Structures are given as C-alpha cells and as structure tokens.
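Biologist: I would like a close look at a single part of this model. Please keep the answer plain and connected.

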Amino acid sequence: TIFVNVIGPDSVYSSSGTAFLGKVEGYTASELSGVEGYASNTYNGHAYGGLFSTSAEGTGIHYGLKADGYGSATVNTYGVLGSATNTSSGNTHGGRFTVNTIGTGIHYALSSNASSSSTSPSYGIDATAYNTSSGDAYGGRFSALTNGTGVHYALSAEAAGSSSSAVYGLNLTASNSST
C-alpha cells in the first residue's frame, strides 16, 4: 500500500490536480471497480460507503460528485447506478436527492437533461418501478408541500422544439393487464 500526501490516518490531500485516482483496466467477464467504498454500522448512526462534498469557495461550478459514463459497446452505460436493499421495514431509496434552501439562487434537488445525436430516444430521466407484492409501484412520484407563499408545482413540464417533429410538455401512458 502506498500513501501520497497523507494528512491523517486515512486521508489523502492535494493542493492542485487530483488527490486520489482509482483506475482499473482489464479484459474479464467479472466486474471491475476503480474505487469501491463500504461502510457498516450496527448501531443507529448513518453509514456511508462514500461521502463526497465540496467547499463554497470560488466562483466556478461545484460538484459534490460528478459521474460520467462512456460506452462503446451494445450494452447499457450508466454515469450513476443507485440501488438499495432494506431487509427490514424502513424506506429504501436507490437514489435520494435533497437540496438546502440557503442562498438566493434556484434550487434543484435533481436536475437532469439528455442530449443525443443518434436516432435512439434520449431521456433526461427514465424511471421504472416494480412490485411483485400487493403494494403500489410508482415510476415517478411528485409532491409539493404548501409551505411558503410562492406557487407550488408537484410537476412542471416544458418542451421546446425546432424541428417538424411533435413536441410534448408531458406525455403520459398507463396500462393495466389485470382488473
């Protein structure tokens, strides 16, 4: 094990460039991980497999976590893939996004966009839900609380186009193969 710029028992520091880079390459059918984090807590506190944050200093864009996925094969490519399992009765979130309301700028808990230069569809968000029991399943659930004096939208949809194809602010489809 090699430690570079160690500032604590488990810390790596850099004043410029990259403090830590995890890279793996291989030709194998199994999974490869550039960086893998694991946390276990047998008490009531939080356990983070990875915790990423940024300072408020500077004028550039700040990312707590920025993930890019590049693929050149016929399989799916994910910038971020979140999954969660809870074997008890607590809520389970594959991804959960919250935002603090400090500051005067626009606040987004999740901002998503998609661009494509192919004939395949491009989705900013693609949400699917499965439940093999009797509980409800939501591909997306949107709610707005009535706190504050501003206008509240559970879902706001906007679309703009500059081609001869149809443009929809919201396109909904539902099907039920049972009663």
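In which segment does F142 lie, and what is found around that part?

Modeller: This is a predicted model, and what follows was computed from it. F142 lies in the segment after β2, the strand at 11–12. F142 counts as exposed because its relative accessible area is 51%, and the cut-off for exposed is over 50%. On the surface, F142 forms a nonpolar patch with L155, L170 and L172. Together these four residues have about 450 Å² of accessible area.

L172 leads on to a pocket. Along with T173, A174, S175 and N176, L172 lines the second largest pocket. That pocket holds about 150 Å³ of space. Its lining has two nonpolar residues and three polar ones, with no charged residue.

The segment after β2 also contains D126. D126 is exposed because its relative accessibility is 60%, and exposed means over 50%.

For charged pairs, the whole structure was searched, and two salt bridges were found. In one, K23 pairs with E25, with the closest N and O atoms 3.4 Å apart. K23 is exposed, at a relative accessible area of 65%, and E25 is exposed with a value of 65%. In the other, D68 pairs with K66, and the closest N and O atoms are 2.9 Å apart. D68 is partly exposed, with a relative accessible area of 45%.

Technical notes:
Residues are numbered from 1 along each chain as its sequence is written. This is a predicted model: local features need pLDDT of at least 70, side-chain atom pairs count only at pLDDT 80 or more; totals for chains, interfaces and linings use all residues. Side-chain values use heavy atoms; hydrogens and water are left out. Patches are made of residues with over 30% relative accessible area and no salt bridge: like charges are joined within 9 Å, nonpolar side chains (Val, Leu, Ile, Met, Phe, Trp, Tyr) within 5 Å. Accessible areas come from the Shrake-Rupley method with a 1.4 Å probe; for residues, only the protein chains shown count as cover. A salt bridge is a side-chain nitrogen of Lys or Arg within 4 Å of a carboxyl oxygen of Asp or Glu. Helices (H or I, at least four residues) and strands (E, at least two) are DSSP runs, numbered from the N terminus. Buried means under 20% relative accessible area, exposed over 50%, partly exposed in between (1.4 Å probe, protein chains only). On a 1 Å grid over the protein atoms alone, a cavity is a set of points where a 1.4 Å probe fits but cannot get out, and a pocket is an open set with protein on both sides within 12 Å along at least five of seven lines; lining residues have an atom within 4 Å of a point. Grid points are joined across faces, edges and corners, and a volume is the space filled by probe spheres set on the points. Ala, Val, Leu, Ile, Met, Phe, Trp, Tyr, Cys and Pro count as nonpolar, Asp, Glu, Lys and Arg as charged, and the others, Gly among them, as polar.
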